[in-house]
Amino acid sequence: MTDRPTLDRAARDILKANDRGGYTVPNGHVYPFQWNWDSAFVALGFATYNRSRAWEEIETLFSAQWDDGFMAHIVFWQDDEGYFPGPKVWGTNKKIATSGITQPPVAASVVRWLYDSATCDSEKERAAALYPKLAAWHDWFEKYRDPDGKGLVVSVHPWESGRDNSAEWDEPAAAVDISNVDPYVRRDTSHLDASMRPTKLDYDRYLAMVQYGRDCGWDHKKIATEGPFRVVDVSMTMILLRANRDLLALAEALGHSEDAEKLKARIANAEKGVSWLWNEDAGAFCSRDMITGKSSGMVTSASFLAFYAGVANDVQRQALASHLERIGNKLTYMVPSLDPDHEEFDTIRYWRGPVWAVVNFLVSTGLADAGLADWAERVRKDTGALIEKTGFYEAFCPTTGRGTGGDDFSWTAAMWLHWAGKSKAGNVT
Ligand code: DGY
């Protein structure tokens, strides 16, 4: 157990060490580039002691936006042999090298928070300059990732969700043809314990999906309507719904009244559309395969993002609260990435059990908004206790608190500074 001021310093030191000048890498060894949602969370950490640097993190990220509004999940500002797959494998052929898939759109929510807590006019000007870029990205989601127009998000690669190895993807990914995958050498397992990482079979499938995208020239319309992996992801859908609410607040504050009307309609549509993800038997919101129509039926940490999106009705709220009760009685640390009663639950393997500080932040924010203050505080305190006990790992074992994945992780440090390391709740989006 380390005291708070020491941890505050250590968190700032991690952000400093991972700062590459205008952008921050998640972890210098395992993830040596700029990752999309990592940077959004990292901005909240910087905002606790250097607000200008917080804005810069987001501005750098958006400087790699494609002309059609697309925001990649990785920006390769420089090459690094320590990571696979690098820019050549993605082959997006853009002036600024990026991957060809996206990631959960938390940026608008972070920008709204920065705007609301702005300390001078120049911060508001920076928000105003970012607004059209955020709006273009959200329009891109509507145009390319919601083929049925229900306000949902189709994910075309497990890496898009950020929850790379969730058991929710096992069945849909099993249908992906891996017979033509080019030979490759993984780098992640040379930095990290293989028992914590996705398997070789998972990687073959990830690579087959990347090859599909590259072979069709990153035609996003085609990928989302004909591609081999198309799953309506509960986390991206809930995060986008919340981000649209935050974008609406920005549109109103910045005088974009036409956009505001459009966003209101988009939000109302999504509020109805998410019912497609409710699984009555599981008593939870679950991801659903667009190709087969099948729900995963799994309770994951993402299921609780319904509160963050502001969509659970009374019955759903009750069902989700009883899952929290059951899981919370079973485990020392909330919120595990997979239900501990599920057969695939694994306390240390990527997204099959470990706890992520960033997901906890979103879940806790939603719980607080929904009036479930005790649960919001339990999730926040558990996150703080994990960091105090173990350090700034990528993720943590929900039973022992052991660190999993990479150490000295930027977004865990940021979540400590912005939220988990505070003596009491508040100060969240
Ligand atoms: C990886 O390479 O493990 C990343 O999570 C992809 O975003």
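Predicted model: local features only at pLDDT ≥ 70, side-chain atom pairs only at ≥ 80, totals over all residues.
Guide: Residues are numbered from 1 along each chain as its sequence is written, and side-chain values use heavy atoms, with hydrogens and water left out.

Visitor: Which residues surround the ligand?
Guide: A residue is near a molecule if one of its heavy atoms lies within 4 Å of it. The shell divides into five nonpolar, one polar and two charged residues. Here Ala, Val, Leu, Ile, Met, Phe, Trp, Tyr, Cys and Pro count as nonpolar, Asp, Glu, Lys and Arg as charged, and the others, Gly among them, as polar. The residues around the ligand are Tyr31, Trp35, His73, Tyr83, Trp159, Asp164, Arg197 and Tyr203.

Visitor: How far is an oxygen atom of the ligand from an N or O atom in the side chain of Asp164?
Guide: A polar contact is a pair of N or O atoms within 3.5 Å. For Trp35, a polar side-chain atom lies 3.0 Å from an oxygen atom of the ligand. For Tyr83, the distance from a side-chain N or O atom to a ligand oxygen is 2.5 Å. For Asp164, the corresponding distance is 2.5 Å.

Visitor: What percentage of the ligand's accessible area does the protein cover?
Guide: Accessible areas come from the Shrake-Rupley method with a 1.4 Å probe. On its own, the ligand has 230 Å² of accessible area, and the protein's cover amounts to 96%.

Visitor: Which residues are closest to the centre of the largest cavity?
Guide: This cavity contains about 230 Å³ of space. Its lining comprises 25 residues, and closest to its centre are Tyr31, Trp35, Asp164, Tyr350 and Glu394.

Visitor: Which helix gives the largest share of the lining of the second largest cavity?
Guide: Helices are DSSP runs (H or I, at least four residues), numbered from the N terminus. At least two lining residues come from each of α6 (121-144), α11 (234-253) and α12 (257-273). The largest share, four residues, comes from α11.

Methods: Polar contact = N/O pair within 3.5 Å; in protein donor to acceptor, adjacent residues only side chain to side chain. 1 Å grid on protein atoms, 1.4 Å probe; cavity = no way out; pocket = protein on both sides within 12 Å on 5 of 7 lines; lining within 4 Å. Points joined across faces, edges and corners; volume = space filled by probe spheres on them.
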